[in-house]
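Let's take a walk through this one together. Have the sequence and the 3D view open as you read.

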Amino acid sequence: SIYVLHDNTSQTVLETAAVSARWNHMTYKSHEDPDGKRSSKLMRLKLVADSSEVGSEEYINDPKKNGHAVVMSRLAIRRSTHVKNWAQAVAAAEKAKASAVIVVNDIDNMEPFRMGLFGEDAPSIPGFMVSYREGPVLNAAAACHAEILIGGREQVLGEIKRIEKEASGDSIPRGIEKEDKEQERARTRQSEDDDKDEDEQQQQQQQQQ
């Protein structure tokens, strides 16, 4: 599943099913949860798009893809003179240091399906295909660099609950928690110093008496 977050909060603009590419199992390790169900890695990334030709030098050298999820259309892949298929297109995004690719199947209003390799080497980043209906929302989200969550539905919903809990103040961010502990230790040391000074003053008074 892919969830688009609204203003980087726990509110979602879009929830859609995504079909994983055939090579995804090689890009990150799957693991088993306590119930024995296999699930993939949860990703939280900013979404970007690029109007330059897929696979071109301009496309590959675009720094805004670095560490983000890239949305591209299947039609843009077909029109490109630099790539022949989606495996090469995802590899081009990988060269631009993208972390994942979402392909919108905007040809003939087709539903998403599992992307293959066509004999190409497997990219080292995951790819996903979504329906043409999700294209406008994803492109609008990419224009404002919205955050998305990619993973199994239970994984994503669990992350959304965690974000909500953190936003409500029920969960203290680690940095603040560390700062609070340091302040508490400082107060403890100060209190111990004050007690020590008070004991010394009392001893001095007793000696004078």
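How many bridges join S3 to strand S9, and do they run parallel or antiparallel? Two bridges join S3 to S9 (residues 127–131), and the two strands run antiparallel. Within that pairing, Ser20 has Phe128 in S9 as its bridge partner. Strands here are DSSP runs of E with at least two residues, helices are runs of H or I with at least four, and both are numbered from the N terminus. Two strands pair if DSSP finds at least two bridges between them.

A word on what you're looking at: this is a predicted model, where local features need pLDDT of at least 70, side-chain atom pairs count only at pLDDT 80 or more, and totals for chains, interfaces and linings use all residues. Residues are numbered from 1 along each chain as its sequence is written, and side-chain values use heavy atoms, with hydrogens and water left out.

Now step back to the whole chain. You'll find seven helices and ten strands. Of its 209 residues, 36% count as buried, meaning under 20% relative accessible area with a 1.4 Å probe and protein chains only (exposed is over 50%, partly exposed in between). Take the contacts (heavy atoms within 4.5 Å) with a separation of 6 or more: 73% of them involve residues 24 or more positions apart.

Back to the strands. Eight of them form an open sheet with mixed pairing, in the order S2-S1-S10-S6-S7-S8-S9-S3. The edges are S2 and S3 (19–20), each of which pairs on one side only. Helix H6 (residues 153–168) packs on this sheet and touches S1, S2, S6 (43–49) and S10. The direction of H6 makes about 20° with that of S1; axes are lines fitted to C-alpha atoms, for helices over the stretch in contact, and angles run from 0 to 180 degrees between N-to-C directions.

Follow S1 next. From this strand (residues 2–5), Ile2 and Val4 point one way while Tyr3 and Leu5 point the other, and all are buried. S1 runs antiparallel to S2 (residues 12–16), joined by four bridges, and it also pairs with S10 (residues 147–150) in the antiparallel sense over three bridges.

Finally, find Asn24, which sits in helix H1 (residues 24–27). Is Asn24 buried or exposed? With a relative accessible area of 3%, Asn24 is buried. Not counting residues up to four places away in sequence, Asn24 touches Pro126, Gly127 and Phe128.
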